[in-house]
Amino acid sequence: MIYLDHNATTPVSPQVLQAMMPFFQERFGNASSFCRIGRIARTALEEARASVAACIHASPDEIVFTGSGTEADNLALRGVCRAFHGRKRHVVTSAIEHHAVLKTCEDLEEQGIAVTRLPVDCRGMVDPDQVKNSLTPHTVLISIMAANNETGVIQPIASISRIARSRGILFHTDAVQAFGKIPVSVDDLGIDLMTLSAHKIYGPKGIGALYVRKGSAMAPILTGGSHERGKRAGTENIAAIAGFAQAAELAEKHLAEEAVRLAALRDAFEKEVVQRIARARVNGRDAPRVPNTSSLSFASVDGESVLLHLDLKGICASTGSACATGSPEPSHVMRAMGLSPMDAQSTIRFSLGRDTSQGDLDFTVGVLADAISKLRHISSTA
Amino acid sequence: MAKERGDRDDTGMSSAENEKAQPIQGPVLFYNDTVIDHFTNPRNVGEMEPGEANGYALVGDPACGDQMKLWIRVDSGRITDIRFKSFGCPGAIATSSMATCMARGKTLEEAAELTDDDVVRALGGIPEDKKHCSLLGIMALQKAIDDYLLGRMCAEEGDDLS
């Protein structure tokens, strides 16, 4: 199998699995227990918290572990809105956010919160000036992702956070696709809340984290025990958390060299695709992007049909995002970038990773060219 | 006792299966081999010149952007040739292909009775969230038959007027 869907998920790396294993059986304790086995779990939990915090230049008590990136997004949006008790009732976000943010915003709207969804330009970037112009005295939170999951386009986070800070508004960023691919320092970027996830960086599924800057007002959305300093009730998943910390450390360690390697592979791949396949376009080509992501549109063919041809040859890629698979609507990200519904429907995402080789990509270009030629032959719109 | 399999016809199913398609049990999650066969080797792909075809339809599903063009040739009330082109997901392509296989050789009355359920059953089922794709082939077929009938009616009226 040639796996080119690392933005959907990644395999757990051997070192990560090794770091997790002790916590299933011999060190199975509850981190809230008084007894020795509980203290062992507690120590592991706090060590992991410190490791994750160090990767983003935060302090350990600013990290709240959650059950997923989606939960962290929910906690940031709902938690901040709740903390203001409806005194401030306006949230600013973008049209290209992950559904974890967009659907949560829809739900907040039903609870009487006003939501502004900013457009993006044809490169897929949010304009900080538009953020500035959208703010009102009632704005409680700005939530703009660090890097888009479909295009890899990096958003101007530092500029947006400066605007937020100057107006005393909290700034949240979903950094699930940026973390481990580009440096994300909460101080350099001026971030108040940031969503992270383990399974995009060779860690386990079912564990995420929310960075919450000290002093930021945020109410819990899960109530129960006093875990995570009252910000997220529920017994901590120590095995997953230990795996997350190990994955974050490894990602941090290899970030610089991997970024150079992947960007070179990705850029050569895109060049080859555009040369060999007529009417191919690279989405977000002129914007800064995370190094592993390539979003390609091919006129007159359906993305899922291309995927099936690739799949039959053992190549795993994805249309827009894995979450959108099975939904008939074309990608909201491509539509926001100005693609027609048909061009949006013809988009494929290739996301490279640690094991991706030049040979994998050479083979993929060939299969891709054949698939598109075949589909265009039967296409009613070619 | 092992089930005897008849010769496979153009639809990729044995003739015995074709006559007595069983209802699908349980939810279908993925494309099966018959769907993939019709997707990778779609039958009756192509276009027909206005002189060859006497019925044509262009249909689209605005919900997902799928589109299908269908041409039919009707001689003595029977579909003697049928061609299609489709833009869409594997489900749309496979159901388009299967619909043309099932319509070929049928009388207009028989073809008009085909439903999208017939097409889905003939394919051995398609995933639940792809059911709307299966409408395309049958919709195009019915519209092409209407187009043929309308064309003949106009021709007859033209004859009456002359």
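**View 1. The two domains of chain A, whose centres, taken over C-alpha atoms, are 28 Å apart.** Domain 1 of chain A spans residues 14–250 and domain 2 spans 255–378, with bounds that come from an automatic or database domain assignment. This is a predicted model, in which local features need pLDDT of at least 70 and side-chain atom pairs count only at pLDDT 80 or more, while totals for chains, interfaces and linings use all residues. Residues are numbered from 1 along each chain as its sequence is written, chains are lettered from A in the order in which they are written, and side-chain values use heavy atoms, with hydrogens and water left out.

**View 2. The interface of domain 1 and domain 2 of chain A, with about 2,200 Å² of buried area.** Buried area is the accessible area (1.4 Å probe) that two parts lose on being put together, summed over both. Carbon and sulfur atoms give 62% of this area. A:Glu150, A:Thr151 and A:Lys181 supply 32% of what domain 1 of chain A buries against domain 2 of chain A, more than any other three residues. In contact terms (heavy atoms within 4.5 Å), 29 residues of domain 1 of chain A meet 25 residues of domain 2 of chain A. The rule finds six residue pairs in polar contact across this interface, both residues at pLDDT 80 or more. A polar contact is a pair of N or O atoms within 3.5 Å; within protein, one must be able to donate a hydrogen and the other to accept it, and residues adjacent in sequence count only if both atoms are side-chain atoms. Zero salt bridges are found between domain 1 and domain 2 of chain A, a salt bridge being a side-chain nitrogen of Lys or Arg within 4 Å of a carboxyl oxygen of Asp or Glu.

**View 3. The salt bridge between B:Lys130 and A:Glu304.** The closest N and O atoms of B:Lys130 and A:Glu304 are 2.6 Å apart. The rule finds one salt bridge across the interface of chain B and chain A, along with eleven residue pairs in polar contact, both at pLDDT 80 or more. Here 24 residues of chain B are in contact with 20 residues of chain A. The area buried between the two chains is about 1,800 Å², 60% of it from carbon and sulfur atoms.
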